[in-house]
Amino acid sequence: MQSPNKQSGDTVDPRWQLEFVARGPDDTDLLARVVAEHVRGGSVILLDGELAAGKTHFVKALVRALGSQEAVTSPTYTLVHIYDAGRVPVTHVDAYRLSGAAEYQDLGLDDDREDGVIVIEWGDVVGSHYPERLSIRLAFVEGDTFKRHVSVQAVGQGWSGLKRGIETAFAEGAA
Ligand SMILES: Nc1ncnc2c1ncn2[C@@H]1O[C@H](COP(=O)(O)OP(=O)(O)OP(=O)(O)O)[C@@H](O)[C@H]1O
Ligand SMILES: [Mg+2]
């Protein structure tokens, strides 16, 4: 017998959300280090937040945490940079100038995406192109240049251990 709301074979995506305050760039680095531990081929990370919120800062810390010394710069004009010297190659996308998911798809980044992690600044533009993803939103905190309100949302199988990892890292206050 099947319940009316669930057909056999359906899988339910695990999803969770966490919110906390990054007290400064070191906290954003710490978040990137914890995320790096859970990144594997096929991972997708969407980054959002206003200009200078710290999206590229996060990518720099992520690439470093994956073991690469490569210099990370914003792919504002080139749209895509690839850093492949670390444990998992990073495809770094700036979606700011893209019109939407269709134009993103034309970049062809999904052709061999199982090889690495795709990290997309202005990820909202790409929207639901990736049903399974980690979304990180950085928001300024009024009155403090260095603080950011951080919201992390995960959908899909790949991020199950990350929630606990972030909670542990920030509960310890270690930055
Ligand atoms: N808590 C923080 N987390 C991240 N960056 C911070 C923080 N506090 C201060 N900063 C600084 O804010 C700046 C963020 O610049 P960054 O280029 O990373 O922003 P961005 O979100 O990528 O901007 P853009 O929309 O132009 O791509 C950096 O100079 C960084 O050092
Ligand atoms: Mg940037």
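Biologist: Which residues does leucine 62 touch, not counting residues up to four places away in sequence?
Modeller: Leucine 62 touches Ala32, Val35, Ala36, Val90 and Val119, where contact asks for C-beta atoms, placed from the backbone, within 7 Å. This is a predicted model, in which local features need pLDDT of at least 70 and side-chain atom pairs count only at pLDDT 80 or more, while totals for chains, interfaces and linings use all residues. Residues are numbered from 1 along each chain as its sequence is written, and chains are lettered from A and ligands numbered from 1 in the order in which they are written.

Biologist: Which residues have the most contacts inside the largest nonpolar core?
Modeller: Leu62 and Val119 have the most contacts inside that core, which has 43 residues. Such a core is a set of buried Ala, Val, Leu, Ile, Met, Phe, Trp, Tyr and Cys residues joined through C-beta atoms within 7 Å, and buried stands for 20 or more other C-beta atoms within 10 Å of a residue's own, exposed for 12 or fewer, and partly exposed for anything in between.

Biologist: And which elements each supply at least two residues of this core?
Modeller: They are α1, β2, α2, β4, β5, β6, β7 and α4 (162-171), the helices being DSSP runs of H or I with at least four residues and the strands runs of E with at least two, numbered from the N terminus.

Biologist: Is α2 largely enclosed or open, and why?
Modeller: Eight of the 11 residues of α2 are buried, so this helix is largely enclosed by the rest of the structure. Among the buried ones are Lys55, Phe58, Lys60 and Leu62, and the buried residues of α2 pack against α1, β2 (44-48), β3 (80-83), β4 (90-94), β5 (117-121) and β6 (133-141). After α2 comes glycine 67, whose phi is positive, near 100°.

Biologist: How do β3 and β4 run, and how many bridges join them?
Modeller: They run antiparallel and are joined by four bridges, and a hairpin links β3 to β4 through six residues. Valine 80 stands opposite valine 93, while tyrosine 83 has valine 90 as its bridge partner. On to β5, the pairing with β4 is parallel over five bridges, and here valine 90 stands opposite valine 117.

Biologist: Which residues of β4 point which way?
Modeller: Val90, His92 and Asp94 point one way and Thr91 and Val93 the other way, and all are buried.

Biologist: What about histidine 149, buried or partly exposed?
Modeller: Histidine 149, in strand β7, is partly exposed, with 16 other C-beta atoms within 10 Å. Leaving aside neighbours within four places in sequence, histidine 149 is in contact with Val21, Ala139 and Val141.

Biologist: Where does leucine 79 lie, and what is its phi?
Modeller: Leucine 79 lies in the loop between α2 and β3 and has a positive phi near 70°. Most residues other than glycine have a negative phi. Tryptophan 122, in the loop between β5 and β6, also has a positive phi, of about 60°.

Methods:
Two residues are in contact if their C-beta atoms, placed from the backbone, lie within 7 Å. Two strands pair if DSSP finds at least two bridges between them.
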